[in-house]
Amino acid sequence: MAETPPRALTIAGSDSGGAAGLEADLRAMTACGVHGCVAVTAVTVQNSLGVSGVHLVPAGTVAAQVRAVVTDIGVGAAKTGMLASREIIDAVADVVDEVGIGRGPELVPFVVDPVAASMAGDPLLAEDAMEAIRTRLFPRAALATPNLDEVRLLAGVTVTDAGTAREAAKALHAMGPQYVLVKGGHLRGSPEVVDLLFDGEEFTEFGGPRIDTPNVHGAGDALASATCAALARGLAMPDAVASAERYIRRAVAESYPLGAGVGPVSPLWAVDAHR
């Protein structure tokens, strides 16, 4: 009988196209050697062209899924994806406190991927839900991983260069996360992609040439999930982020077309049967 692998939990919405959301999370976690568990927050009607419908799971059911997983299976790290409403965000904040997920040496690391903007940069959440991310999730986060559109919506900072990226990281860190990772992939026109990690004192840059592909659906989800998986394996935060950065660059390089729209980043290179 095989040894039980590390476990991680994603609290996120489902993507029927299998490219983003909890499906992307589970793909990345598996590729990174971790058993992924889920708390489903929403069911989307979605394909490569976009989202045409959303059905929210009751907030109490979301919390009950988290409680059921953690109290029986146990997890080494947890992350959020699309939480969709103020009620769900409040329920998640309450239940992670209850089961010992958060920031700090005695708690299971909590990665908050604040899914708040569409691929076009438009808001996905009402303002009360945005405020709940700022005031209820960020203070509990070991790591927050916003993209540049989410940085603009949550912190009011438009990132255009390295200086404004640092300004944004400081503004977000002041909201309570132990670490902030400002993801630079949405700085369109830049020949490089630079993600900026900030712990309140030191900045660490993770960068490389922009990979020429339109198929980047689920990239942010996969990066947060790969970080969550590395934390579940026991890596310290800077090392976990570095591991996830290596993973996502390969996943983007191996991305593939799917449907008539934007295809997904790929974990398949990491799966033995597909090498």
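Close-up 1. Phe198 is buried at a relative accessible area of 5%, where buried means under 20% relative accessible area, exposed over 50% and partly exposed in between (1.4 Å probe, protein chains only). This is a predicted model, in which local features need pLDDT of at least 70 and side-chain atom pairs count only at pLDDT 80 or more, while totals for chains, interfaces and linings use all residues. Residues are numbered from 1 along each chain as its sequence is written, and side-chain values use heavy atoms, with hydrogens and water left out. Rings of Phe, Tyr and Trp (its six-membered ring) pair if their centres lie within 6.5 Å; planes under 30 degrees apart count as stacked, over 60 as edge-to-face and the rest as tilted. That rule gives two aromatic pairs. In one of them, the ring centres of Phe198 and Phe203 are 4.3 Å apart and the planes meet at 15°, so this pair is stacked. Phe203 is partly exposed, with a relative accessible area of 22%.

**Close-up 2. The tilted pair of Tyr247 and Trp269.** Here the two rings sit 5.7 Å centre to centre, with 35° between the planes, which makes a tilted aromatic pair. Tyr247 belongs to helix α8 (residues 237-253) and Trp269 to the segment after α8, so the pair ties together parts 22 residues apart in sequence. Helices (H or I, at least four residues) and strands (E, at least two) are DSSP runs, numbered from the N terminus. Tyr247 is buried at 6% relative accessibility, whereas Trp269 is partly exposed at 21%.

**Close-up 3. Arg136 reaches Asp94.** A salt bridge is a side-chain nitrogen of Lys or Arg within 4 Å of a carboxyl oxygen of Asp or Glu, and the structure holds eleven of them. One joins the side chains of Arg136 and Asp94, at 3.0 Å from N to O. This pair links distant parts of the chain, with Arg136 in helix α4 (residues 127-137) and Asp94 in helix α3 (residues 86-99), 42 residues apart. Arg136 is buried, at 17% relative accessible area, while Asp94 is partly exposed at 42%.

Close-up 4. Take a look at Arg134, which is buried at 14% relative accessibility. Arg134 forms a salt bridge with Glu127, the closest N and O atoms lying 2.9 Å apart. Arg134 also bridges to Glu131, with 2.8 Å between the closest N and O atoms. Both Arg134 and Glu131 lie in helix α4, three residues apart, about one turn of the helix. Glu131 is partly exposed, with a relative accessible area of 34%.
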